[in-house]
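Please look over the sequence and the structure shown here, and then read the report that follows.

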Number of protein chains: 2
Amino acid sequence: MRPERKRVVIIGGGFGGLYAAKSLGNEPVDVVLVDHKNHHVFQPLLYQVATAALSPGDIASPIRGVLRHYANIEVFLDEVVGFDLHGHRVHLKEGADLAYDYLIVAAGATHSYFGHEQWEAVAPGLKTLEDATEIRRRILLAFENAERLAAEGRNPGPLNFVVVGAGPTGVELAGALIEIARGVLVQDFRSIDPAQARVILIQRGPRVLTAYPEDLSHSAVEQLRAMGVEVRTSAVVTSVEPGLVRIGDTVIPSTVTLWAAGVSASRLGKMLSADTDRAGRVPVGPDLALSEHPEVFVIGDLAAAKDERGQMLPGLAAVALQEGKAAASNILTELQGGRRKPFHYRDKGLLATIGRQAAVARFGSIHLTGLIAWIAWLSIHLILLIGFRNRVLVLINWAWAYFAYRRGARLITDVEPIRERDRSTTEMRKAG
Amino acid sequence: MRPERKRVVIIGGGFGGLYAAKSLGNEPVDVVLVDHKNHHVFQPLLYQVATAALSPGDIASPIRGVLRHYANIEVFLDEVVGFDLHGHRVHLKEGADLAYDYLIVAAGATHSYFGHEQWEAVAPGLKTLEDATEIRRRILLAFENAERLAAEGRNPGPLNFVVVGAGPTGVELAGALIEIARGVLVQDFRSIDPAQARVILIQRGPRVLTAYPEDLSHSAVEQLRAMGVEVRTSAVVTSVEPGLVRIGDTVIPSTVTLWAAGVSASRLGKMLSADTDRAGRVPVGPDLALSEHPEVFVIGDLAAAKDERGQMLPGLAAVALQEGKAAASNILTELQGGRRKPFHYRDKGLLATIGRQAAVARFGSIHLTGLIAWIAWLSIHLILLIGFRNRVLVLINWAWAYFAYRRGARLITDVEPIRERDRSTTEMRKAG
């Protein structure tokens with residue numbers, strides 16, 4: 001470490017952290033990226049692992065591998081346990097304290113159960129590869145258990161999949177679930193008819209995909225219903241219990257319940273600021289830095305950043321990625337004696353996929369639905385996927401799933417159930 | 001279930017069970033295949049998952065998917081807990097008893113620590129996908145920990161990988177480990193030099209690959225040494241402890257210890273016969289059935305089957321596969337009023353790979369080494385892999401690993417450590 005070079009520490013290897021690092025690659029700074037996991041996950045496709053279309057390895061790249069050509073970047077596999085903002089140090093769980101000149105915190109968000117944390121064991125959320133394989137295990141085991149009971153002449157009862165929350169993740173999970181049941185598994189079972197499985201999507205508010213224009217929300221519901229998903233809007237879940245979900249007095253039997261209803265920022269946010277918002281996000285200035293600590297940038301889902309009109313920027317991969325580049329650029333500019341620029345989000349649009357040839361998309365003022373939106377979704381996600389290898393593999397897996405109506409990654413592997421995990425591990429998982 | 005049809009129950013979805021099922025597919029019998037896992041694993045490539053070249057999904061297929069076109073075959077995901085050989089019933093853990101007219105037990109084998117079962121926590125063996133991802137996790141974490149210590153200016157100590165047992169699995173693991181260290185990871189780290197890692201292969205007997213002709217054993221050692229693996233023969237491991245392996249008075253520091261030294265048959269063997277051999281295998285007649293229960297066939301690694309000259313057949317996929325077909329054929333012949341045929345093993349040869357362009361092979365009396373043996377190994381394993389999808393994916397992964405000197409599947413995912421697993425789960429894992 002040459003003494004004259006400034007050191008930038010980046011917390012988190014998601015979209016924000018990774019693109020910040022890439023923007024600092026081979027520049028005259030020393031960079032340390034810290035993440036609790038050794039791999040970057042392409043989160044927009046995580047639901048495809050959960051529904052057995054893709055393997056974990058298809059959507060994840062080792063962070064070291066992605067950054068290997070930048071000799072000025074070191075990667076630490078470690079967990080952040082605290083900050084000394086005045087002393088410019090990060091406290092790590094395994095390693096020694098890490099000194100920084102600039103800090104970029106991109107620790108992301110995790111599920112939120114709005115105070116009902118006990119619901120997590122029954123209704124897992126989808127944020128990590130481990131979440132995805134656990135959800136995959138539950139979905140496949142539900143069919144297996146029903147088959148066994150039916151083969152013994154016993155009544156397996158209803159096979160209901162309840163998805164709570166109809167944002168993009170909830171919509172994508174619901175669409176993929178009905179496709180598995182009606183398309184993929186139909187030939188696999190002898191005693192049950194997987195096509196009889198019900199998929200119920202529950203939304204608290206009056207419409208699905210709240211962040212989307214209203215006509216696209218309506219189109220999404222139409223496309224979901226055409227595929228067989230039951231969509232219930234303005235339905236507030238009051239209780240999640242093993243085997244059922246309550247909406248007030250209504251009891252919905254549920255074989256597998258999945259949670260896609262809310263996120264809250266990493267708990268690192270509270271260690272950085274006393275002024276986090278209701279979702280735990282850290283307020284930042286137009287330059288994405290803390291007002292009291294201009295050397296500390298907060299980006300991605302952890303940041304409460306606003307656009308020029310004072311609107312809160314949404315928790316999208318595209319936002320995190322652009323913020324990562326902007327924070328890096330501000331640091332490099334400042335080191336060369338220049339002045340920081342305010343962050344400007346270039347809106348690339350919104351895209352959610354529902355199923356085979358079913359999607360909704362907004363690009364600027366253009367709204368797309370159905371096949372054309374789906375093709376746009378497919379193309380853009382392939383281009384965005386990090387790493388040549390993953391792109392080719394994912395393409396083949398998708399082509400296979402599409403043409404053969406099969407899902408190759410239908411593996412039930414043993415994992416410790418979420419309820420038995422150390423909660424602190426779960427909480428820290430996204431926290432670098 | 002039509003009353004006039006006989007029911008064949010198959011225990012285990014490995015090579016033996018799966019090929020028995022396929023041979024009975026669309027024949028005039030009802031078939032139930034029971035396995036504790038929902039997927040068939042292509043075991044000869046398991047070491048490639050453990051060394052991050054392939055993903056679990058690349059070498060595994062859902063059993064239901066493989067058998068979906070046979071309407072007469074049902075698949076149960078369940079665990080066998082006992083047999084009533086007189087009453088012709090199989091006791092299952094989850095489901096009701098299963099009655100059979102014919103039973104084919106193909107429950108395979110698991111690691112054996114020769115009475116030192118406490119070594120398992122320190123030195124995991126390689127039999128399942130979960131074993132493979134746990135071993136992958138340990139290997140990658142060893143490099144990560146060394147990097148962290150070195151980056152802090154502390155001495156990470158030696159980075160030693162010790163593989164106990166130099167059968168095909170041990171040889172393959174050792175070769176792949178040295179390739180990772182010297183080829184794949186070299187660019188990924190900043191503070192350590194992965195190429196300095198040592199790989200030590202320990203063999204109890206005087207030569208590696210004991211089942212192979214002597215000249216091929218010598219060639220294997222030469223090829224391993226040329227790659228940088230330290231091979232120690234006639235070395236009896238007397239103790240496996242965290243961080244070290246003892247060979248008598250010699251202490252070998254070991255960062256990661258892997259066990260490839262022995263297998264013993266599934267504990268289902270003892271439930272079938274009082275006469276199991278030292279490795280727990282069940283003696284069977286020339287028709288592969290129990291002498292006292294001719295309706296019960298035992299095949300694969302669980303069977304102590306002999307060839308015409310009274311030689312014990314080895315624990316190979318090819319043997320299990322042929323035995324599965326033979327048992328099925330004997331059942332069908334008998335149901336048509338014919339007589340059973342004694343099993344004849346058609347020797348397809350022996351093949352073990354060591355690394356890039358390094359392998360040994362015997363086909364009949366032809367012995368091959370180096371590049372040509374490696375090409376033979378590659379071709380044969382691609383052809384054998386079950387399922388079109390996997391074959392293409394594996395080919396791409398390999399081509400990628402070969403030309404780019406990278407390994408795509410370098411993911412460290414959370415799993416419960418082997419030492420914390422319920423031992424009964426571990427024992428039953430292969431037991432269908």
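## Chain A as a whole

In chain A, 53% of the 432 residues are buried, where a residue counts as buried if 20 or more other C-beta atoms lie within 10 Å of its own, as exposed if 12 or fewer do, and as partly exposed in between, with the C-beta atoms placed from the backbone. This is a predicted model, in which local features need pLDDT of at least 70 and side-chain atom pairs count only at pLDDT 80 or more, while totals for chains, interfaces and linings use all residues. Residues are numbered from 1 along each chain as its sequence is written, and chains are lettered from A and ligands numbered from 1 in the order in which they are written.

Chain A has 11 helices and 24 strands; helices (H or I, at least four residues) and strands (E, at least two) are DSSP runs, numbered from the N terminus. Among contacts in chain A between residues at least 6 apart in sequence, 66% join residues at least 24 apart, and two residues are in contact if their C-beta atoms, placed from the backbone, lie within 7 Å.

## Two domains of chain A

The domain assignment of chain A gives domain 1, made of 7-111 + 264-335, and domain 2, made of 121-259; such bounds come from an automatic or database domain assignment. The C-alpha centres of domain 1 and domain 2 of chain A lie 32 Å apart, and the contact takes 14 residues from domain 1 of chain A and 19 residues from domain 2 of chain A.

On the side of domain 1 of chain A that touches domain 2 of chain A, helix 2 (46-50) and strand 10 (109-111) of chain A each supply at least two residues, and helix 2 of chain A gives the most, with five residues. The residues of this side of domain 1 of chain A divide into 10 nonpolar, four polar and no charged, where Ala, Val, Leu, Ile, Met, Phe, Trp, Tyr, Cys and Pro count as nonpolar, Asp, Glu, Lys and Arg as charged, and the others, Gly among them, as polar.

## A sheet of three strands

In chain A, three strands form an open sheet in the order 14-15-16, with antiparallel pairing; two strands pair if DSSP finds at least two bridges between them. Strand 14 (239-241) and strand 16 (250-253) of chain A stand at the edges with a single partner strand each, so one side of each is left without a neighbour in the sheet.

From one strand to the next, the twist averages 20 degrees, with axes taken as lines fitted to C-alpha atoms, for helices over the stretch in contact, and angles running from 0 to 180 degrees between N-to-C directions. Strand 14 of chain A is joined to strand 15 (residues 244-247) of chain A by three bridges, and the bridge partner of Glu241(A) in strand 15 of chain A is Leu244(A).

## Two residues with positive phi

Ala52(A) lies in the loop between helix 2 and strand 4 (60-62) of chain A, and its phi is near 70 degrees, a positive value in a residue other than glycine. Is Ala52(A) buried or exposed? Ala52(A) is buried, with 28 other C-beta atoms within 10 Å.

His88(A) is found in the loop between strand 6 (80-84) and strand 7 (89-92) of chain A, and its phi is near 55 degrees, a positive value in a residue other than glycine. With 18 other C-beta atoms within 10 Å, His88(A) is partly exposed.
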